[in-house]
Protein chains: 2
Amino acid sequence: MEEKEKVEPKAIQDYYPDSFAWCYGCGRLNEKGLHFRTVWDGEGTLTRFLPRPEHIAVPGFTYGGLIASLIDCHSTGSASLALYRARGHEPGDEAPVPRFVTASLKVDFLKPTPLGVLLEVRGEMKSLGERKVVVESKLYADGILTVTGEVVAVLMPENFGSSSS
Amino acid sequence: MEEKEKVEPKAIQDYYPDSFAWCYGCGRLNEKGLHFRTVWDGEGTLTRFLPRPEHIAVPGFTYGGLIASLIDCHSTGSASLALYRARGHEPGDEAPVPRFVTASLKVDFLKPTPLGVLLEVRGEMKSLGERKVVVESKLYADGILTVTGEVVAVLMPENFGSSSS
């Protein structure tokens with residue numbers, strides 16, 4: 001009996017333009033980065049990540065800054081997925097993928113997040129516009145909700161980084 | 001002529017108990033960590049950090065998750081400094097240093113933060129209680145305000161990490 005090959009959903013970060021694929025959190029070209037990858041899971045978005053042993057807060061628990069990073073990139077990735085789908089596209093299509101940046105990040109730490117287990121962040125779009133997406137996220141560790149996040153993501157301006165941006 | 005030695009202010013993280021000094025952001029014992037260090041600067045608090053080249057968002061700019069991490073540890077460190085001073089102590093005193101954890105973290109990215117320059121985060125206590133401190137922070141790159149943060153820091157519970165916390 002042949003083992004049925006599981007088709008992994010495609011992550012939006014795999015399709016960011018090369019020039020925008022260096023992010024420490026989610027850039028596929030950043031060799032020292034964390035390589036967060038965000039996919040569709042039904043109508044919601046999903047980013048899974050296993051923190052490294054050094055991503056410690058106090059012994060046994062995950063560092064909040066790492067969690068904030070995870071929610072940050074998960075949210076901009078979710079915004080990209082959502083706007084791309086709204087335009088009729090899925091990751092792997094030829095149309096260029098929109099790239100979002102974070103305008104604001106809010107993280108509520110409900111309880112300590114254990115270290116050493118796979119973390120799952122699930123996102124929903126609270127609002128979806130052509131230039132601004134609000135993403136609400138929930139982080140689960142071993143199925144237990146430990147952190148919530150809300151990110152306002154804005155479409156990366158053409159002049160990102162110039163003095164007027 | 002002898003060069004006058006500059007006395008560096010003492011960072012609160014240098015005095016956290018060993019068991020709470022493993023944080024990826026600010027733990028002095030975490031060999032792979034970032035080693036954020038927070039000091040008094042007059043009536044405010046200050047954390048300086050030079051991001052590593054890999055802490056990139058898009059070329060030329062600093063990763064938002066790194067900035068969130070910096071604001072996170074700066075704020076819990078500021079809360080420790082502030083409560084310790086309120087109790088009549090300064091870093092280096094023998095009295096045990098209070099250790100805070102983050103209940104919520106809010107970061108507003110006003111404009112892109114350049115990569116390759118020393119970042120300065122300056123904190124003020126919006127409120128200061130025995131169990132909860134609210135810290136407002138401003139991040140400057142080359143003297144330009146690029147990010148603001150607000151953190152609710154709570155005194156680490158005795159039972160941190162137990163099922164009831």
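What radius of gyration does chain A have, and what would a compact globule of 165 residues have? Chain A has 16 Å. A compact globule with 165 residues would have a radius near 15 Å, so the value for chain A agrees. Keep in mind that this is a predicted model.

Now look at the outline of the chain. Along the principal axes, the C-alpha atoms of chain A fill a box of roughly 55 × 45 × 30 Å. Then look inside. Of the 165 residues of chain A, 45% count as buried. Here, buried means that 20 or more other C-beta atoms lie within 10 Å of the residue's own.

Next, trace the chain. Chain A holds one helix and six strands. Follow the sequence and the pattern reads β-β-α-β-β-β-β. Take the contacts in chain A with a separation of 6 or more: 65% of them join residues 24 or more positions apart.

Finally, bring in chain B. Two copies of a chain are related by a rotation about an axis and a shift along it. What are the rotation and the shift that superpose chain B on chain A? The rotation is 180°, and the shift along its axis is 0.0 Å. The RMSD of this superposition is 0.0 Å. The two copies are therefore related as by a two-fold rotation axis. To place that axis, find B:Lys106. Its C-alpha is the one in chain B nearest the axis, 2.2 Å from it. The two copies also use the same surface: 100% of the contact residues of chain B recur in chain A.

Notes:
Residues are numbered from 1 along each chain as its sequence is written. Chains are lettered from A and ligands numbered from 1 in the order in which they are written. This is a predicted model: local features need pLDDT of at least 70, side-chain atom pairs count only at pLDDT 80 or more; totals for chains, interfaces and linings use all residues. Copies are superposed by least squares on the C-alpha atoms of residues with pLDDT of at least 70 in both. Two residues are in contact if their C-beta atoms, placed from the backbone, lie within 7 Å. Helices (H or I, at least four residues) and strands (E, at least two) are DSSP runs, numbered from the N terminus. The radius of gyration is taken over C-alpha atoms; the globule rule is 2.2 Å times the number of residues to the power 0.38. A residue is buried if 20 or more other C-beta atoms lie within 10 Å of its own, exposed if 12 or fewer, and partly exposed in between; C-beta atoms are placed from the backbone.
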